[in-house]
Amino acid sequence: MSGIKKIARPLNKIKNEYLQWLKEKNADSIDIYNPKTESDEEWDYYVVVSAFIEDILYTVYFMMWHNEINIDYLDEENRYNKMSIDDFKQLLW
């Protein structure tokens, strides 16, 4: 299979918007973990993005499992699990 599954496109879109947000905040050491090259076909979508803004590490897990979207967000003081795309947008914007 090439490209992103159609059902995962909204999740990929918010991941890209988050990357843009990081760049606008002058984030350092942006790291993207995307196991799509591995043989694990179970996840519909699984990408982890981490970066530093000043001395604070931000990590976001973008996941889709059996068509269900979950976004987990962690920073120095906060942790939010199983957020929707709308919840994640409200958190950052």
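With which residue does Lys-13 form a salt bridge, and how far apart are the closest N and O atoms?

Guide: The model is predicted, so local features require pLDDT of at least 70 and side-chain atom pairs pLDDT 80 or more, while totals for chains, interfaces and linings use all residues. Residues are numbered from 1 along each chain as its sequence is written, and side-chain values use heavy atoms, with hydrogens and water left out.

Lys-13 forms its salt bridge with Glu-17, and the closest N and O atoms are 3.0 Å apart. The term denotes a side-chain nitrogen of Lys or Arg within 4 Å of a carboxyl oxygen of Asp or Glu, and the structure holds 1 such salt bridge. Both Lys-13 and Glu-17 belong to helix 1 (residues 9-24), where they are 4 residues apart, about one turn of the helix. Helices (H or I, at least four residues) and strands (E, at least two) are DSSP runs numbered from the N terminus. Lys-13 is exposed, its relative accessible area being 51%, whereas Glu-17 is partly exposed at 26% (buried is under 20%, exposed over 50%, partly exposed in between, with a 1.4 Å probe and protein chains only).

Glu-17 also takes part in the meeting of the two helices: Pro-10, Leu-11, Ile-14, Glu-17, Tyr-18 and Trp-21 of helix 1 touch Ile-85, Phe-88, Lys-89 and Leu-92 of helix 2, contact being heavy atoms within 4.5 Å. By class, this contact has 8 nonpolar, no polar and 2 charged residues (Ala, Val, Leu, Ile, Met, Phe, Trp, Tyr, Cys and Pro count as nonpolar, Asp, Glu, Lys and Arg as charged, and the others, Gly among them, as polar). The axes of helix 1 and helix 2 (residues 85-92) come within 11 Å and cross at roughly 10°. Helix 1 is therefore roughly parallel to helix 2 (angles under 35 degrees count as roughly parallel, over 145 as roughly antiparallel, 65 to 115 as roughly perpendicular and the rest as oblique). Axes are lines fitted to C-alpha atoms, for helices over the stretch in contact, with angles from 0 to 180 degrees between N-to-C directions.

Strand 2 (residues 45-53) and strand 3 (residues 56-65) are joined in the antiparallel sense over 9 bridges, and Tyr-45 stands opposite Met-64 in strand 3.

Asn-70, in strand 4 (residues 68-74), is buried at 15% relative accessibility. Leaving aside neighbours within four places in sequence, Asn-70 is in contact with Tyr-61, Phe-62, Met-63, Lys-82 and Met-83. Asp-28, in strand 1, is partly exposed at 45%; not counting residues up to four places away, Asp-28 touches Ala-51 and Phe-52.

Methods: Two strands pair if DSSP finds at least two bridges between them.
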